[in-house]
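Please keep the sequence and the structure at hand while reading.

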Amino acid sequence: MNPTPSKADALVQEKSQKKIRAMFDEIAPTYDFLNHFLSGGTDIYWRWQTVRKVKAKLPSHDAPKILDVATGTGDLAVMLSKIPNSEIIGIDLSDEMLKRARLKKSNIRFELGEAESLKFPNETFDAVTAGFGARNFEDLQQGLNEFYRVLKPSGVAAILEPMIPRNGVVKNFYQWYFKNVLPKMASLFTKSDFAYDYLPRSVAAFPQGEDFLTYLKRASFREARYYTMTFETAILYIAKK
Ligand SMILES: C[S@@+](CC[C@H](N)C(=O)[O-])C[C@H]1O[C@@H](n2cnc3c(N)ncnc32)[C@H](O)[C@@H]1O
């Protein structure tokens, strides 16, 4: 039985930073464990692929400055910090998520911040990334406009998201797992049923593939394209300023 479908649907339809923050504050203690457990560890591979692509597309390999938006517990930021001489800043709405990030790496600046109003001057970063975060933005277009603004010319944006596979058989299995199995497994480890009810609904409602590229193009990005991974269960968008 689904515990709070209407509440989760309401948040998907009308995202509010306040409610999103409260949800992530609540799941922060179990976030890392559940992420790896429910994805069978593939989330680590997806972040690693993201870092690989960002590194390959960086306009300058000389001490690149990278902003990881919606950094959460910092897993993507920590991986990005392996790029030689890089300087990484991670920002997020949720203090509870950030507390856990700070325990992982002390030489990354982890700060409170909103994607929709980045507190950095124009043309500050060589790359801006967001792993599994953009789906939760209150205003996706405004967030991507901000990514564009803070990027240096030729800077690269990388956005990683879960994907609903297009192939019928894989799609059916994925939707069954996502809607029925995943929330039940998550409920064994967290009291926040709501977050794992929200997750499949937010993925289903989020623009995917060409639809998402439209948002990137509207933010003025060029060379926007996407790469699918692991039977189309994850998607990485890469775009250049
Ligand atoms: C699913 S977690 C992803 C964390 C991390 N990037 C990762 O790869 O695991 C999503 C994060 O996005 C943050 N978030 C959602 N909306 C945001 C916004 N508008 N601005 C900044 N952070 C936001 C949440 O607080 C949460 O920590």
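The text below treats the ligand shell and then the salt bridges of this predicted model.

In the predicted model, 21 residues surround the ligand, the closest being Y31, A70, D92, E116 and G131. By class, this shell holds nine nonpolar, eight polar and four charged residues, and its largest share, five residues, is contributed by helix α2 (residues 17-38). An oxygen atom of the ligand lies 2.6 Å from an N or O atom in the side chain of D92, while a polar side-chain atom of R47 is 2.9 Å from an oxygen atom of the ligand. A polar backbone atom of A115 is 2.9 Å from a nitrogen atom of the ligand. Of the 600 Å² of accessible area that the ligand has on its own, the protein covers 98%.

The whole structure contains 15 salt bridges, among them the following.

| Pair | Closest N and O atoms |
|---|---|
| D75 and R47 | 4.0 Å |
| E96 and R100 | 3.3 Å |
| R166 and E232 | 2.5 Å |

Because D75 lies in helix α4 (residues 75-80) and R47 in helix α3 (residues 42-57), their pair ties together parts that are 28 residues apart in sequence; both D75 and R47 are buried. E96 and R100, by contrast, are four residues apart in helix α5 (residues 95-104) and thus separated by about one helical turn. E96 is partly exposed, with a relative accessible area of 26%, and R100 counts as partly exposed at 26% relative accessibility.

Definitions and conventions:
Residues are numbered from 1 along each chain as its sequence is written. This is a predicted model: local features need pLDDT of at least 70, side-chain atom pairs count only at pLDDT 80 or more; totals for chains, interfaces and linings use all residues. Side-chain values use heavy atoms; hydrogens and water are left out. A residue is near a molecule or strand if one of its heavy atoms lies within 4 Å of it. A polar contact is a pair of N or O atoms within 3.5 Å; within protein, one must be able to donate a hydrogen and the other to accept it, and residues adjacent in sequence count only if both atoms are side-chain atoms. Accessible areas come from the Shrake-Rupley method with a 1.4 Å probe; for residues, only the protein chains shown count as cover. Helices (H or I, at least four residues) and strands (E, at least two) are DSSP runs, numbered from the N terminus. Ala, Val, Leu, Ile, Met, Phe, Trp, Tyr, Cys and Pro count as nonpolar, Asp, Glu, Lys and Arg as charged, and the others, Gly among them, as polar. A salt bridge is a side-chain nitrogen of Lys or Arg within 4 Å of a carboxyl oxygen of Asp or Glu. Buried means under 20% relative accessible area, exposed over 50%, partly exposed in between (1.4 Å probe, protein chains only).
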